[in-house]
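Subject: Structure handover

Hello,

I am passing a structure on to you. Please open it first, then read the notes below.

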Amino acid sequence: MSEVTRSLLQRWGASFRRGADFDSWGQLVEAIDEYQILARHLQKEAQAQHNNSEFTEEQKKTIGKIATCLELRSAALQSTQSQEEFKLEDLKKLEPILKNILTYNKEFPFDVQPVPLRRILAPGEEENLEIEDDEDEGGAGAGAPDSFPARVPGTLLPRLPSEPGMTLLTIRIEKIGLKDAGQCIDPYITVSVKDLNGIDLTPVQDTPVASRKEDTYVHFNVDIELQKHVEKLTKGAAIFFEFKHYKPKKRFTSTKCFAFMEMDEIRPGPIVIELYKKPTDFKRKKLQLLTKKPLYLHLHQTLHKE
């Protein structure tokens, strides 16, 4: 076994144990994040075409099946059904298989198949792939980038250091109202700050996958730290919130809708903002409301000033 492969297996093992520990402690959001990160890494390796891999095709297939089980456990944790489809005890049976993948030669304990690596597409790019859409999806717009890198949800950044006379903004994303909230798989929100031309003014951040879903709401309850002092934002800038979810039939992550908050809306306390149809229109030229129903993105703002 090469040092590279040994290190890779150690990282996989550590990630597996972190996820299982979070799971057993009841820290479900953290467990889901860890499972999904590891599943993505395993899927990449299972489908890698490079010749310098030490894994045989059969071992890659087993790695892909473990990734599928991680996704099944992640889905079970997000399910509102009391009957879990894939239990933690089941998942733990896979740790020794992953650890000894180079010598494992038994039948896989669960009847699952590797799933294709998820594609994460730009808002608008998925329009070319979807034949049908429900009444609240689709629509016109412009300004979204052609593509963005495949990012695993959960890339939040810490608060910036304070500066005298400068204001920092924390936005708590509480929940989003959607008529089909319960049907959204692995939902998360991408937060970005754009100027009038749709150019990023701060690093883009992704929330972790939603903490729970109930009725017509997807709950996040997560804080976003704006990566620029409010006074340094250019005139006409806006903070965008893109709601994304996974579509298993299409096998990609899609933007369902978006919302934005302009600079004159920055003030302490709660705020609800309207939802618009995709694709995300960063230039705010052709906006179409997602629905006529009273469904919004619910936020709470906190300003910090020295």
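First, the ground rules. This is a predicted model, where local features need pLDDT of at least 70, side-chain atom pairs count only at pLDDT 80 or more, and totals for chains, interfaces and linings use all residues. Residues are numbered from 1 along each chain as its sequence is written, and side-chain values use heavy atoms, with hydrogens and water left out.

**Helix packing**

Helices (H or I, at least four residues) and strands (E, at least two) are DSSP runs, numbered from the N terminus. Axes are lines fitted to C-alpha atoms, for helices over the stretch in contact, and angles run from 0 to 180 degrees between N-to-C directions.

Start with helix α1 (residues 3-25) and helix α2 (residues 28-46). Their axes are 8 Å apart, and the packing angle is about 155°. The two are therefore roughly antiparallel. For that word, the cut-off is over 145 degrees; under 35 counts as roughly parallel, 65 to 115 as roughly perpendicular and the rest as oblique. The crossing of α1 and α2 is left-handed. That means the near helix is turned anticlockwise from the far one by less than a right angle; clockwise would be right-handed.

Which residues of α1 meet α2? On the α1 side they are L8, W12, S15, F16, R18, G19, A20, F22 and D23. On the α2 side they meet L28, E30, A31, E34, Y35, L38, H41, L42 and E45. Contact here means heavy atoms within 4.5 Å. By class, the contact of α1 with α2 has 10 nonpolar, 3 polar and 5 charged residues. Ala, Val, Leu, Ile, Met, Phe, Trp, Tyr, Cys and Pro count as nonpolar, Asp, Glu, Lys and Arg as charged, and the others, Gly among them, as polar.

Next comes helix α3 (residues 57-78). Its axis comes within 8 Å of that of α2, and the two cross at roughly 160°. That makes α2 roughly antiparallel to α3. This crossing of α2 and α3 is left-handed. The α2 residues in contact include I32, Q36, A39 and Q43. Among their partners in α3 are K60, I63, L70 and R73. By class, the contact of α2 with α3 has 13 nonpolar, 5 polar and 4 charged residues.

**Aromatic pairs**

Rings of Phe, Tyr and Trp (its six-membered ring) pair if their centres lie within 6.5 Å; planes under 30 degrees apart count as stacked, over 60 as edge-to-face and the rest as tilted. By this rule there are 10 aromatic pairs.

One is F220 with F243. This pair is edge-to-face, at 6.4 Å centre to centre and 85° between the planes. F220 lies in strand β6 (residues 217-225) and F243 in strand β7 (residues 238-247), so the pair ties together parts 23 residues apart in sequence. F220 is buried at 6% relative accessible area. F243 is buried too, at 1%. Buried means under 20% relative accessible area, exposed over 50%, partly exposed in between (1.4 Å probe, protein chains only).

Another edge-to-face pair is F240 with F282, at 5.0 Å centre to centre and 85° between the planes. F240 lies in strand β7 and F282 in the loop between β10 (276-277) and β11 (296-305), so this pair ties together parts 42 residues apart in sequence. F240 counts as buried at 0% relative accessibility, and F282 at 2%. Ring pairs also link F240, F258, F260, Y276 and F282 into a cluster.

**Backbone spots**

Most residues other than glycine have a negative phi, and most peptide bonds are trans. Now for the exceptions here. A cis peptide bond joins K278 and P279, with omega about 0°. P279 sits in the loop between β10 and β11.

D186 has a positive phi of about 50° and is not a glycine. It lies in strand β3 (residues 185-194) and is buried, at 9% relative accessible area. D215 also has a positive phi, near 50°. D215 lies in the loop between β5 (212-214) and β6, and at 69% relative accessibility it counts as exposed.

**One proline**

P270 is in strand β9 (residues 269-274). Is P270 buried or exposed? At 67% relative accessibility, P270 counts as exposed. Leaving out residues up to four places away in sequence, P270 touches L299 and H300. The C-alpha atoms of P270 and E174 are separated by 9.6 Å, and the two residues are 96 apart along the chain.

Best wishes
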